[in-house]
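Subject: Structure handover

Hello,

Here is the structure for you to look through. My notes on it follow below.

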Amino acid sequence: MVGCGRDYQGMINRGNWHRLKECMKKARRGEKIITGFLGGSITQGSLSSGPELCYAYLVFQWWREKFPLAEIEFINGGIGGTTSQFGAARVKGHILKYKPDFVLIEFAVNDENTEFFQETYEGLVRKTYMDKCKPALMLMNNVRYDNGINAEQQHLKVAQAYELPMVSMKSAIWPEIMWGRLKEAELSPDGLHPNDAGHRLVAQVIISFLEQVYAEMDKEETLAFGEGDRLPAPITANAYENAIRYQNFNSESKAEGFLEDLSSQNGITDIFKRGWTASRKGDKIRFEVEGTEIAVQYRKSVNKPVPVARAVVDGREDQGVILDGNFEEDWGDSLHIDTIARHAQEGKHTVEIEIVESHENDVAPFYLVSLIVSGNENKNNILKNMEDKDKMKPILFLNPVFKETIWGGSKLREQYGYDIPSDTTGECWAVSAHPNGDCVVKEGEYQGMTLSELWEKNPELFGSCGLDRFPLLTKIIDARENLSIQVHPNDAYAGEHENGSLGKTECWYILDCPEDAALIIGHNAGTEKELEEMIRQGKWTEFIREIPVKKGDFIQIDPGTVHAIKGGIMLLETQQNSDITYRVYDYDRLSDGKPRQLHIQQSIDVITVPALSPEDSVKEAANLPANVMNELISCDYYKVWKLDVTEPVSIEQTHPFLIMSVVEGEGCVNGRKIEKGEHFILPDGFGKVELEGNMQLIASSIK
Ligand code: ZN
């Protein structure tokens, strides 16, 4: 095996090990450790034959094996062909938001060995190191195996200034190649990207360093920068630490011909998403930004020809920068950055991007991915406004979870277009953090996280309301057949009899039903004695009360209310996130040859007698005023509204969070297209919500 049996030392700056030692002690105590890796294509795992053979994964494996008591999490933030300039703008969204304990950064073969990249690298390092999660930061330099070049000279100055450990492949591996003890071809097929053996060797150099720290873990280490009040001054102009990346979901622009790409993004390496496209000469897009550094990120395409654009700052056409979407390489489309303003005057600037050349045979549009803007916070406060914008919380779109049930049907596919598992699918859990069906965020910066994870890790999105779990559950139910007749306890009864569980309050909005549809709501017993007699003696025809319903009716089911959905009905249910149900009667049906269990005593205990009158049980909500939030119910556990949109509506999101379900039609929310069957959450402090189109929404919150 290449390099086997030798210990390759790559430490070129020892730095301070305080944070690393604390991190290892935490792992030794069995606490959870999150490891994050940020870099270019090598970190992404390019040319390793599988993601588990990438050096980053191998280093994560070391943490796992070294600390078997701890749960170790792995976050790969590698994106091929990108520099620390982009790194500074994305480290927050791609690494720091997970609150990592250990972070490794590599950009030495992506950055050029220039002062410009010393500044961008310093910005990235400062931003990571000074983040409030205080990660143990380790710096690593890859090297070109064909000529020994990397940006180490510039990067090393940053490592020294902040006393950060740095290991170098230029120091560990390159001399071995020079002296002929290792062969370049055995490590890398292209002189740059390591193969599996190369990745193993890189990992070995990093691990050898970590082993040294491990061996000295219990030796005292002086406090590192940032632990006390000692903060080193930047060694460069440091204009990149506060870089922010603007894409179509977090920026405002004036476009003529440039179109927002609203297709969903599949992970951070799905890079040509959330930007804008343009095809015709003269198409324009204009931004107003605040800061001193401005860069444009766009696609350079290997499939040619594509249009060429030009970026102009503050109307100075003579200094315009050509953004050529055509790429004269063959290794794939490139996410290219051009800096269009550097150390410019502080304050507001306009950026106009215009297509200046298009061709009849263009094979793809020009793709503008983002604008990256930053300024020096130390010099002024102009970034305040920009940071506020950066904090603008995203709309959380969720992927539903489907439940097959014996009584379910196929309307969730036929009417809502969902990809359901079978023709007996009864429930779509549209907004749920319940362990039996935890919805996953579909797109944007929290993509891939479950709602329960998001609730736990980012409570600020939900108004930090201090509840132990996401409190609501929104479902769409398709009942092909009758559901069993049931009742839910209240919190007090459930707390006493069901291991401290919560009771359950729910409500229904009828989405669709046949002409003569009815629901079972309440019962006909006049006294508790009568109730007990009817249930114990099985006088079901006397006991059961059916109430006719139609599309657009709304029913609140308080605890103690006997209820059942009848075949043919489709409804949207908003409920407390709990599941204590007592089955009163199941029509004497058999399931697997046996009747399903009934809960006779509990039902008698909790059913309210007498029931609410039929008139008070069902509320007509079909013809409420359009373009306003109509409150359907406000109870201790939730509020529910109905909103029919027929013209542009602006509402203010002032609740801890607001769940919205599109149940009819289509339209837009803050410019993002939405359609029937989509469900989303507007987080706390979201502010203004602009809705337009022709659609019906059901919304809910906790207060
Ligand atoms: Zn129920």
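First, a term: buried means under 20% relative accessible area, exposed means over 50%, and partly exposed lies in between (1.4 Å probe, protein chains only). By that rule, both Glu506 and His563 are buried.

Some ground rules. This is a predicted model, where local features need pLDDT of at least 70, side-chain atom pairs count only at pLDDT 80 or more, and totals for chains, interfaces and linings use all residues. Residues are numbered from 1 along each chain as its sequence is written, and side-chain values use heavy atoms, with hydrogens and water left out.

**Overall**

Of the 703 residues, 56% are buried.

**Zinc site**

What holds the zinc ion? The donors are His488 (NE2), Glu506 (OE), Glu506 (OE) and His563 (NE2), at 2.1 to 2.7 Å. Donors here are N, O and S atoms within 2.8 Å of the metal (3.2 Å for Na, K and Ca); water is not among the atoms, so sites may look incomplete. The donor residues are spaced H-x17-E-x56-H in sequence. Glu506 sits in strand S26 (residues 506–512) and His563 in strand S30 (residues 563–564), so the pair ties together parts 57 residues apart in sequence.

The angles among the four donor atoms run from 51 to 123 degrees, and the site is irregular.

**Helix pair**

Leu20, Lys21 and Met24 in H1 meet Phe209, Leu210, Val213 and Tyr214 in H10. Contact means heavy atoms within 4.5 Å. By class, the contact of H1 with H10 has six nonpolar, no polar and one charged residues. The classes: Ala, Val, Leu, Ile, Met, Phe, Trp, Tyr, Cys and Pro are nonpolar, Asp, Glu, Lys and Arg charged, and the others, Gly among them, polar.

**Thr424**

Thr424 lies in the loop between helix H12 (411–414) and strand S20 (425–431). Thr424 is partly exposed, at 30% relative accessible area. Leaving aside neighbours within four places in sequence, Thr424 contacts Glu404, Thr405, Gly408, Gly409 and Arg480.

Best wishes

Notes
Four donors count as tetrahedral if all angles lie between 85 and 135 degrees; four count as square planar and six as octahedral if opposite donors are over 155 degrees apart and all others between 65 and 115; anything else is irregular. Helices (H or I, at least four residues) and strands (E, at least two) are DSSP runs, numbered from the N terminus.
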